[in-house]
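Please look over the structure shown below before reading the notes that come after it. They are arranged by topic, and each can be checked against the model as you go.

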Amino acid sequence: MSGPKLSFDQPNRYIGQPVPRADAQRLLMGRGRFVDDMQAPRMVHAAFLRSPVAHGRIVSLDVAAARRMPGVVAVITGADLVGVVEPYVGVLSHLAGLRSAPQMPMAVGRVRWQGEPVAMVLAQSRAEAEDAVAEIHLDLEDLPAATDMERALDPDAPVIHPEFGSNLAWTRTVNVGDVDAALKGQDITIVEREFRFGRHTGVTLEARATLVEYDPAEDQLTVLYSGQAPHMMQFIFAKHFGMLEENVRVISQDVGGSFGIKIHTYGDEIAAAAAARMLGRPVKFVADRFESFMTDIHARDHAVRGRMAVGRAGHIVALDFDDVTGIGPYSMYPRTSAIEANQVLNLTGAPYVVPNYRATSKVVFQNKTLMCQYRAVGHPIAMAICDGLLEEAAAAIGMDPVEIRRRNLMRDDSYPRTSASGMKLDDLSHQKALEKLVEMMDYARLRENQARLRQQGIHRGIGFVSMVEVTNPSPMFYGIGGAPIASQDGATVRLDAGGGVHVSSSVTEQGQGTNAILQQIVAGVLGVDIARVKVTTGDTRTTPYGGGTWASRGAGIGGEAALLAAQALKEQVLDVAAVILQTQADKLDVADGSVVDAGGGAARMTLSDLARTVYYRGNELPSDMKPELVATRHYRVTDMPFVFTNGAMAAEVEVDVETGFVRVVNFWAVEDCGRVINPRLVDEQVRGGVVQGIGGALYEECLYSEDGQLLTTTMADYLVPMAAEMPDIHVAHIETPTKTSILGAKGAGEAGTGGAPAAVMNAVNDALRPLGASIFQMPMTPARVLAALGRAGH
């Protein structure tokens with residue numbers, strides 16, 4: 001077989017139109033071997049050749065031997081996708097000055113991190129595809145790598161994108177009051193510390209996976225997507241393939257965990273979709289665990305120098321810090337890699353009265369895996385900076401850490417108000433949460449026990465954190481910056497003829513219990529058994545338009561939309577029932593699957609009888625009555641940029657000063673997430689978040705060599721918290737409903753992850769303080785604890 005080669009000299013050759021089947025065949029024939037059975041669109045499996053180095057120029061890429069391997073259908077390189085995929089750039093207009101270079105799904109000309117896709121093999125099986133990948137010859141010219149985020153800003157550092165002239169991607173400063181003058185005041189105590197937060201990632205139960213099918217006759221792309229935001233990805237696929245948005249269908253069923261990891265644009269997934277269009281046959285890609293560690297986004301890579309000044313009575317006078325964070329060679333698309341740094345600037349000190357506040361963040365390009373949003377974006381850094389400095393200040397002036405919080409936390413009757421950085425705050429309960437926490441943990445007894453154990457050579461510590469969590473974001477989070485990320489969510493609620501209820505929602509399910517929450521809300525409004533409510537989510541063809549699941553918005557926004565839709569359906573039901581029963585709608589209600597008298601509760605007719613009358617015997621209704629028994633409503637937050645959840649947490653730890661091991665003995669969390677709809681689900685969300693927070697504090701870190709080689713690529717190298725290491729996690733609640741919605745629900749999914757690291761760090765330092773030691777680097781590994789004690793190598 002032979003055929004002419006297709007030229008990619010003309011940019012955007014296939015953007016805006018389907019790839020003709022004949023052209024796709026000639027394209028692949030012109031580049032090597034192609035199977036003869038184009039008429040049989042059997043699924044093929046994708047495997048990727050990934051860059052073995054952090055930075056290099058592609059000298060040559062020889063795929064001829066790979067194309068001859070058994071079962072291989074095609075081999076596609078990054079250069080082959082030029083003109084097929086429009087490059088993407090991860091910037092947002094409201095993050096003024098943020099810059100990033102255009103990015104392709106696979107490397108073209110140069111590789112910029114270890115693990116970057118370089119070539120894709122499509123074969124009859126994954127094993128055959130992997131065998132063929134091993135036959136690709138990649139010749140690279142090694143280039144100097146910028147891996148250390150602080151040294152990457154040095155004048156002589158290798159510049160990853162020469163057109164920018166430096167590795168600085170973005171910087172921002174918040175300056176409120178007069179910090180310099182405050183630091184020169186009388187009778188103040190200043191504490192200064194350096195914090196380091198190691199890179200880590202979300203180790204999801206289910207790795208990233210996608211299955212893409214393209215129908216050239218209809219120009220229809222269908223993507224089975226293991227992720228959180230189907231409508232966002234629908235836009236992205238349409239835009240970057242030049243397709244009509246309605247011709248892209250994205251389906252996201254139950255996902256085996258995501259934690260924010262699966263809400264970004266990954267080159268291998270875009271490449272798989274491009275291959276499906278080029279080949280005209282389904283393409284499946286599933287990342288293995290090795291690929292997950294190298295290519296799933298990382299988070300938390302921060303170095304912070306901070307100081308706090310407090311007066312003689314313990315009141316905060318000033319808070320000042322500089323933050324540097326490394327994001328990899330690009331800003332992730334479309335959410336950007338500057339959001340975490342921005343969150344650190346916005347959230348540090350948020351629970352406290354801080355009259356003078358100054359913070360600067362520098363976001364830096366580096367030759368490592370891209371960094372972006374992961375559960376509790378920026379929160380662990382923000383809470384650790386302020387509460388770490390606060391407990392150090394308390395120790396310096398001889399004040400109890402609980403008492404210093406009492407004196408600095410915002411009063412519960414002082415809202416609405418703004419934080420030090422200007423965040424709008426309302427409906428919070430910091431003081432109540434702290435007092436409930438102290439009572440729940442029996443603080444006085446714990447201190448007595450701590451002193452007694454210390455006399456026996458057992459070193460225990462108690463640490464606290466008071467925190468906020470960003471939830472229910474408004475359009476001011478992403479939409480204002482031009483991102484295709486909906487701040488609203490929608491719900492359609494329908495009464496079926498059999499009396500059951502169907503809910504279609506734009507939020508998605510990753511194991512957090514969203515479907516159960518929607519069932520519970522709708523069942524409560526419509527008076528039906530929860531088992532009669534069925535929920536559909538995650539399909540752009542059948543669900544209302546919405547943002548999906550991120551930033552703890554499932555109950556607060558998705559649940560509110562379901563509530564509004566259910567209320568609208570209930571009004572329809574009662575209007576129809578009033579006509580049938582010859583009474584007034586306000587004299588009726590629904591309960592136990594029936595329309596009942598509002599007063600005595602006597603059943604008048606079942607919902608099934610009412611629905612069958614509407615659907616089958618509409619002639620029995622007045623001609624001007626056109627009931628639908630279905631309602632769709634959308635909801636978004638309009639009054640504030642975010643709805644804040646608040647909490648107070650404490651950890652009790654035991655430090656073995658001989659080995660450096662830290663054991664978390666107990667953990668307590670008091671959270672105010674507004675109205676608690678399902679206590680069990682909320683409690684387990686808090687506990688799960690705490691576990692991930694403990695992981696970041698003690699175990700998890702993506703370690704690199706100096707030349708950018710990832711060293712933690714297996715579960716044997718990258719430690720995650722296991723059941724044996726976890727303490728009892730005690731959870732309690734205060735309910736202060738948000739005034740932004742009828743339901744009054746705030747988010748609850750990220751508080752544990754955001755607060756636990758600071759509480760554990762403070763507890764470790766409380767245990768080490770009598771020994772004259774402290775540690776402000778996470779994870780607090782045994783080696784680092786011993787180094788802090790001056791016992792490195794013992």
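The model is a predicted one, and the values given here are computed from it.

**Helix α9**

- Helix α9 covers residues 379-397, which makes 19 residues, and the distance from its first C-alpha to its last is 27 Å, close to the 27 Å expected at 1.5 Å a residue.
- Most of α9 is covered, since 16 of its 19 residues are buried.
- The residue that follows α9 is G398, and its phi angle is positive, near 70°.

**Aromatic pairs**

- A pair of aromatic rings is described by the distance of the centres and the angle of the planes.
- The count of aromatic pairs in this model comes to 11.
- One of them is formed by Y88 and Y333, which are stacked, with 5.3 Å from centre to centre and 25° between the planes.
- This pair links distant parts of the chain, 245 residues apart, because Y88 lies in the loop between β3 (72-77) and β4 (110-111), while Y333 lies in the loop between β16 (316-326) and α8 (339-347).- Both Y88 and Y333 are buried.
- The rings of Y443 and F464 have centres 5.3 Å apart and planes at 80°, so this pair is edge-to-face.
- Y443 belongs to helix α12 (residues 443-455) and F464 to strand β20 (residues 459-471), so the pair ties together parts that are 21 residues apart in sequence.
- Y443 is buried, and F464 is buried as well.
- F195, F197 and F776 together form one aromatic cluster.

**A charge over two rings**

- R335 lies over the face of Y478, at 5.0 Å from the ring centre.
- The charged end of R335 also sits over the ring of W550, 4.8 Å from the centre of that ring.

How values were computed: Residues numbered from 1 in each chain as written. Predicted model: local features only at pLDDT ≥ 70, side-chain atom pairs only at ≥ 80, totals over all residues. Heavy atoms only, no water. Helix = DSSP H or I, 4+ residues; strand = E, 2+ residues; numbered from the N terminus. Expected span 1.5 Å × (residues − 1). Buried < 20%, exposed > 50% of the residue type's maximum accessible area, 1.4 Å probe, protein only. Phe/Tyr/Trp six-rings, centres within 6.5 Å; stacked < 30°, edge-to-face > 60°. Lys NZ or Arg CZ within 6 Å of the ring centre and 35° of its normal.
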